[in-house]
Amino acid sequence: MSVRLTAISPEPLDVATHMGAVSDSGTGAVASFIGTVRDHSPDANGTVTRLEYSAHPDAPRVLAELADRVAGRHPDVALAVSHRTGDLAVGDLAIVACAGSAHRAAAFDACRDLVEVVKAELPMWKKQFLADGSHTWVGSA
Amino acid sequence: MTEVRYFAAAAEAAGRSGESLAAGTVGELRELMVSRHGEALERVLSRCSLLVDGVASPDDVSLDDDTVVDVLPPFAGG
C-alpha cells in the first residue's frame, strides 16, 4: 500500500519512529524486526567486538525501490525500514523494519518479506573487527 | 578509459577506492585488475559482481570510453 520511511543512516536507529510511521487510526497490528550486532559470526574465528557498515552511494535509492517492490506484494500494509552505516558496537541496531496493517498476518508477512529482500539486495557491506585485532569482510573471504 | 570504483573488501584488496584503466571488455578488465593488484584482489574478485554503468555485466560485455564500472563484493546488510 505504501512506503512511509526508508533511510540509510549514520545516526542510531529509533524503533519508535518506525512504528509511528506505519501506524494510523486504521492500524491494528505492527510487526517489527530489529537486527542487532552480535559478538560472533560464522565468518569469524573469534569474538566480534564491533562492526563497520559501508553503503554504495546508490543505497538510499535502492532501499526505496526495494521497499516499493515489497509494498506492491502486500496491499494494505504500510512499511518503514532503515539501515545503519558507520561504526556499530555489539548490541547496536543495524536494521529496523516495521510493517503496519489492520491485521497481524499481513503485517508479519510483509515485515519478513521486507527484511529478506533488504538483506539480499541492498548494496551494503559489513566489516567485522575481532578481539585479536584482525578483521573480516562478511561474505567476501 | 574506464573509471573503476572498488567497494569494501575489493577496495581493501586493491589498496584504493578507484582508478582509471584501459580495457576492451569486462573480462579484460578483470584480468588487468588482477595483474595490477595480485592474489588478494583475485580472491575477492571471484566473488564480485561488476556493474557497467549500473548494470551487472558478464565478461563478454564491451566497455566504451568514459564507462563507470563498480566492483561489488557480495552484499552483507542486515
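Two residues are in contact when they have heavy atoms within 4.5 Å of each other. By that rule, 22 residues from chain A and 15 residues from chain B take part in the contact between the chains. The model is predicted, and local features need pLDDT of at least 70, side-chain atom pairs count only at pLDDT 80 or more, and totals for chains, interfaces and linings use all residues. Residues are numbered from 1 along each chain as its sequence is written, chains are lettered from A in the order in which they are written, and side-chain values use heavy atoms, without hydrogens and water.

The area buried between chain A and chain B is about 1500 Å²; buried area is the accessible area (1.4 Å probe) that two parts lose on being put together, summed over both. Carbon and sulfur atoms give 56% of that area. One salt bridge is found across the interface, a salt bridge being a side-chain nitrogen of Lys or Arg within 4 Å of a carboxyl oxygen of Asp or Glu. The side chains of Lys127(A) and Glu12(B) form a salt bridge, at 3.6 Å from N to O. On the side of chain A that touches chain B, two or more residues come from each of β3, β6, α3, β7 and β8 (135-137) of chain A. β7(A) gives the most, with four residues. These labels follow DSSP runs, numbered from the N terminus: helices are H or I with at least four residues, strands E with at least two.

Helix α2 of chain A covers residues 59-73. Its 15 residues reach 21 Å from first C-alpha to last, close to the 21 Å expected, where the expected span is 1.5 Å times one less than the number of residues. Among its buried residues are Leu63(A), Leu66(A), Ala67(A) and Val70(A); buried means under 20% relative accessible area, exposed over 50%, and partly exposed in between (1.4 Å probe, protein chains only). The cover over the buried residues of α2(A) includes β1 (2-9), β3 (48-55), β4 (77-84) and α3 (104-121) of chain A.

The largest nonpolar core has 33 residues. Such a core is a set of buried Ala, Val, Leu, Ile, Met, Phe, Trp, Tyr and Cys residues joined through side-chain atoms within 4.5 Å. Leu114(A) is one of the members that touch the most others. Beyond its neighbours within four places in sequence, Leu114(A) is in contact with residues including Ala67(A) and Val70(A). A second, separate core of 26 residues includes Tyr6(B) and Leu50(B).
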